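Please brief me on this two-chain model. Cover the interface, the packing inside each chain and the cut-offs behind each term.

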Amino acid sequence: MSDAASKLAPTGRLRVAVYAVDLLRRTALSRVVAEAGHIVVGAQDAADVVLADGDCLPGEARPVVTLGGADYDLPGVLSRDAGASQIDAAIRAVSAGLIVRLPDGMDAGFGAMRETGGHALLTPREIEVLATLAEGMTNKAIARRLNISLHTVKFHVESLFRKLGARTRTEAVAKASERRRYETITL
Amino acid sequence: MTDQADLLAQFSNALATRAEAAKNAIVAIRLAHERHITGMVWRSEIVVVSEQSLPRKDDFELIAAGGSVLTAKIAGRDPGTNIAILRLAESIASPSIAAGEAHTGAVALAIGADGTGGASARLGLVNLAGAEWHSSRGGLIDRRIVLDLRLARREEGGPVFDAAGACLGMSTFGPRGQVIVIPTATIERIVPLLLKDGRIARGWLGVALQAVAVPDALRETADQSSGLMVMSVVQDGPAAQAGIVAGDIILSVDGTSTHRFRKIARYFGPDSIGRKADLRLIRSGTVITVQTTIAERHAA
């Protein structure tokens with residue numbers, strides 16, 4: 001978005017730069033921000049607030065709301081699994097110069113490495129379908145995007161719901177995002 | 001007046017004496033917005049802190065016993081064991097620390113810094129003293145010690161003492177606000193390494209991986225039901241140089257199956273750096289082997 005256009009943003013709508021390494025998280029968080037009525041801008045664009053999944057890049061000068069980041073000196077500190085209403089409230093508060101904290105001991109903390117054997121892992125195809133669900137796509141659009149039949153899409157979506165124990169698409173995306181914390185490793 | 005023969009009064013007096021003495025074992029580490037966290041005076045010039053709560057910066061201001069303000073520089077941090085160390089600009093008096101052994105059901109006294117040079121105290125039980133465990137950040141913690149007490153944010157990072165006055169370790173927050181202890185044995189093991197290098201070396205391929213189910217059609221060829229799918233590749237990292245691309249499913253590293261996270265995390269210890277490793281992986285429906293050289297992970 002150009003600077004001229006962003007200046008015309010109506011009051012109450014904030015320009016929010018969403019920073020997340022994980023593409024699925026970035027998509028999901030951008031959606032939360034947009035649905036709360038704000039404008040998602042590029043990571044380097046002028047922004048009122050940065051919403052960072054975990055730690056943001058060092059030297060960030062703009063006000064930051066972190067989700068599960070380790071830096072408690074940032075103005076906004078929420079847990080990794082904060083809901084849409086908490087995220088909206090936090091970015092508004094931080095852009096107004098307030099600081100946002102969770103009550104003591106509410107966030108993630110230092111925990112053990114979990115093994116993934118306990119539940120059915122997703123297949124690579126199911127992960128692809130999940131990414132399209134996070135974008136809010138319909139079954140028809142998913143079929144076109146992944147070049148598979150509508151029947152196959154329904155099959156994968158049902159399998160996702162079963163493996164994740166979800167009843168709606170939004171719930172599936174949220175549960176997958178939560179599970180992903182324990183199913184990813186960087187080497 | 002307290003009756004010295006009364007057991008409860010004796011107990012209470014003993015605790016108050018311990019809390020008073022512990023003032024010299026702690027410092028407050030100043031954060032922004034008038035807040036602070038606690039640090040343990042480990043040696044006369046070294047303070048141990050909870051890594052997860054320490055801001056990512058180099059210079060800190062501390063408040064020592066009696067309220068004197070000191071400056072300190074970061075000397076090392078290890079997210080794997082949640083231990084960071086600060087080096088003080090000037091030495092201070094340090095209490096001798098005797099390592100204590102945690103026993104389930106034993107009394108635990110957790111000390112925090114009040115931010116003005118005094119101590120705050122919390123009393124509870126060792127809720128659980130268990131075996132060694134691996135953190136989600138890849139470090140090995142010598143024992144699982146969970147406390148049955150509450151802790152304020154500002155008290156995190158302080159020492160936890162047993163009834164004999166020995167130090168069980170450093171308090172920190174586990175999942176869902178649970179108060180856990182990083183054992184003295186772990187601190188004793190990690191601090192010398194941090195003093196030497198500023199970090200704990202770990203092997204690095206430059207990939208983010210997600211555990212996935214191997215698709216049914218490939219299960220027989222792969223001879224494994226799960227693997228780690230490459231979600232992203234760091235530009236110019238060892239994996240990128242070996243031609244690893246997003247979507248590859250890594251089945252094993254030098255014969256170590258990627259089925260168990262703990263095993264694979266252990267494989268990438270300090271001694272893995274520089275080692276050539278064969279990655280067995282699935283790409284476009286076929287199992288292939290790619291050789292990479294493990295590099296050293298840079299600070300996050």
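Two residues are in contact if their C-beta atoms, placed from the backbone, lie within 7 Å. On that basis, 29 residues of chain A are in contact with 41 residues of chain B. This is a predicted model: local features need pLDDT of at least 70, side-chain atom pairs count only at pLDDT 80 or more, and totals for chains, interfaces and linings use all residues. Residues are numbered from 1 along each chain as its sequence is written, while chains are lettered from A and ligands numbered from 1 in the order in which they are written.

**Interface of chains A and B**

- Helices (H or I, at least four residues) and strands (E, at least two) are DSSP runs, numbered from the N terminus.
- Helix H4 (124-134), helix H7 (169-183) and strand S6 (184-186) of chain A are the elements that give two or more residues to the side of chain A that touches chain B.
- S6(A) gives the most to that side, with three residues.
- By class, the side of chain A that touches chain B has 16 nonpolar, seven polar and six charged residues.
- Here Ala, Val, Leu, Ile, Met, Phe, Trp, Tyr, Cys and Pro count as nonpolar, Asp, Glu, Lys and Arg as charged, and the others, Gly among them, as polar.
- Two strands pair if DSSP finds at least two bridges between them.
- S6(A) pairs with strand S16 (residues 207-213) of chain B in the antiparallel sense, over three bridges.
- In S16(B), Ala208(B) stands opposite Thr186(A).

**Sheet of chain A**

- An open sheet of five strands has the order S2-S1-S3-S4-S5 (chain A), with parallel pairing.
- Its edge strands are strand S2 (39-41) and strand S5 (76-78) of chain A, and each pairs on one side only.
- Neighbouring strands of this sheet are turned by 25 degrees against each other on average, direction ignored.
- Axes are lines fitted to C-alpha atoms, for helices over the stretch in contact, and angles run from 0 to 180 degrees between N-to-C directions.
- Strand S1 (residues 15-19) of chain A pairs with S2(A) in the parallel sense over three bridges.
- The bridge partner of Ala17(A) in S2(A) is Val41(A).
- Helix H2 (residues 23-35) of chain A packs on the sheet and touches S1, S2 and strand S3 (49-53) of chain A. The direction of H2(A) makes about 165 degrees with that of S1(A).
- S3(A) and S4(A) run parallel, joined by four bridges. Val50(A) stands opposite Val64(A) in S4(A).
- S4(A) and S5(A) also run parallel, joined by three bridges. Thr66(A) has Val77(A) in S5(A) as its bridge partner.
- A residue is buried if 20 or more other C-beta atoms lie within 10 Å of its own, exposed if 12 or fewer, and partly exposed in between; C-beta atoms are placed from the backbone.
- Strand S4 (residues 64-67) of chain A is covered on both faces. Val64(A) and Thr66(A) are buried on one side, Val65(A) and Leu67(A) on the other.

**Helix packing in chain A**

- The axes of H4(A) and helix H6 (residues 150-164) of chain A come within 10 Å and cross at roughly 95 degrees.
- That angle makes H4(A) roughly perpendicular to H6(A).
- Angles under 35 degrees count as roughly parallel, over 145 as roughly antiparallel, 65 to 115 as roughly perpendicular and the rest as oblique.
- From H4(A), Arg125(A), Glu126(A), Val129(A) and Leu130(A) meet Val153(A), His156(A), Val157(A), Ser159(A) and Leu160(A) in H6(A).
- Residues of the contact of H4(A) with H6(A) divide into five nonpolar, two polar and two charged.

**Domains of chain A**

- The domain assignment gives domain 1 (10-95) and domain 2 (124-183) of chain A. Such bounds come from an automatic or database domain assignment.
- Taken over C-alpha atoms, the centres of domain 1 and domain 2 of chain A are separated by 24 Å.
- Seven residues from domain 1 of chain A and nine residues from domain 2 of chain A form the contact.
- On the domain 1 side, these are two nonpolar, one polar and four charged residues.

**Whole-chain figures**

- Chain A has seven helices and six strands. Buried residues make up 37% of its 187 residues.
- Chain B has five helices and 22 strands. Buried residues make up 43% of its 300 residues.
- The C-alpha atoms of chain B fill a box of roughly 80 × 40 × 30 Å, taken along the principal axes.
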